[in-house]
Amino acid sequence: MSLPWLRESWLQVVSDIQKQRFGHAHCIPARADLGADTYCRALVDYLLCLRPQGKACGTCKSCLLQHAGTHPDYYEVRSEDDKAIGVGKIRELTQSLQETANQHGAKVAWVKNAERMTVEAANALLKTLEEPTENTYIILTPVKTNGLLPTLRSRMRLHKFKEPSWAETEAWLTQKLGHALSTDDQLRCRHLAHSPLVALSLLKGELADDTDHVGQLAQAMCANGVWPQPTKQDWSAWLQASEAWLQELIRLRQRVAAERLRFPHLSELAHDWLQRQQITVGELNAWLALCYNLRKLTSEQSGLNAPLLLQQQWLQWKHKP
Ligand SMILES: [Zn+2]
């Protein structure tokens, strides 16, 4: 396992498989920011491999089929275009899992965005979990574990990842980038200590830096600047900026040390405004909770007008008598 913070979980899982103590149903949180995808892919390959040794061998017939994306005993189900995973897809899957393995090894199913399963689909899967066929493994990767039906959750092993500390993340980033982090880099990604992959993307310039978005929100909120018009394409970036800005205001209100601020160039503007408006940490936290809630809602339900919902939250920010 190349990602150091996942190594401990990985060794545990390998040891359980070797000792035949690995159950057939697993719920693994889809933490993209921690590399959960890499982890699950390695697990699937390991379970299918005919000669595994600490990881999939990469050379057996099963590994070659898997590498080519044509393994007949591997099944993947996912939500298309953010839509729900219906019962039809799950029935198709459970029927396939009843059949004998083609390669005389394991059968593995990976249900991505598992929280998108309809109740009917989840119930259909539940039946299979209650009566498992031999050497069959089902892996569910929901974005939010508690988005799954409790009856389903109780039949699965719930995996948890240990988040790296800032020191571990910084060491990994230094190794990945090939140089130590500058003070500026540290400032930009210190808040991403528990999301090392996001921090790496940010430092490599692959991720939109939210500094500009935050700047615009700060001007609108504190200096009567123009409020942005989020669209279906960019509302998520605006939500991220909203969270970042509220977190910064909370840090300012709590008078944290200057080196812990993310947007020091906006401090003066924010400070005057906080004084004038007498906004409390409690109010800021309540606004932040609404942002988190919007993120949760949009990940669980499709068809919401997210740009409009976000604008309604901003209305509250400016609606201070
Ligand atoms: Zn192999």
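## Report on a predicted protein chain

The protein chain averages a pLDDT of 90, and 99% of the residues score at least 70; pLDDT is the predictor's confidence in each residue, from 0 to 100. This is a predicted model, in which local features need pLDDT of at least 70, side-chain atom pairs count only at pLDDT 80 or more, and totals for chains, interfaces and linings use all residues. Residues are numbered from 1 along each chain as its sequence is written. Confidence is lowest in helix α8 (residues 183-189), with a mean of 79, and highest in helix α2 (residues 36-48), at 97. Helices (H or I, at least four residues) and strands (E, at least two) are DSSP runs, numbered from the N terminus.

**The sheet.** An open sheet is formed by 5 strands in the order β2-β3-β4-β1-β5, with parallel pairing; two strands pair if DSSP finds at least two bridges between them. Its edge strands, β2 and β5, each pair on one side only. Strand β2 is joined to β3 by 4 bridges, and tyrosine 75 has alanine 109 in β3 as its bridge partner.

| Strand | Residues |
|---|---|
| β2 | 74-77 |
| β3 | 107-112 |
| β4 | 136-141 |
| β5 | 157-158 |

Helix α4 (residues 87-98) lies across β2, β3 and β4, running at about 170° to β2. Axes are lines fitted to C-alpha atoms, for helices over the stretch in contact, and angles run from 0 to 180 degrees between N-to-C directions.

**Leucine 48.** This residue lies in helix α2. Leucine 48 is buried because 24 other C-beta atoms lie within 10 Å; a residue counts as buried at 20 or more such atoms, as exposed at 12 or fewer, and as partly exposed in between, with C-beta atoms placed from the backbone. Not counting residues up to four places away in sequence, leucine 48 touches several residues, including His71, Tyr74 and Val108; contact requires C-beta atoms, placed from the backbone, within 7 Å.

**Helix α14.** This helix (residues 306-318) has 13 residues and reaches 19 Å from its first C-alpha to its last, close to the expected 18 Å, the expected span being 1.5 Å times one less than the number of residues. Its buried residues are Ala306, Leu310 and Trp317. They cover an arc of only 35° around the axis, so they are on the same side of α14; the arc is that of the directions from the helix axis to the C-beta atoms. The buried residues of α14 pack against α10 (211-223), α11 (235-253) and α13 (281-300). On the other side of α14, Leu308, Gln312, Leu315, Gln316 and Lys318 are exposed.

How values were computed. Two residues are in contact if their C-beta atoms, placed from the backbone, lie within 7 Å.
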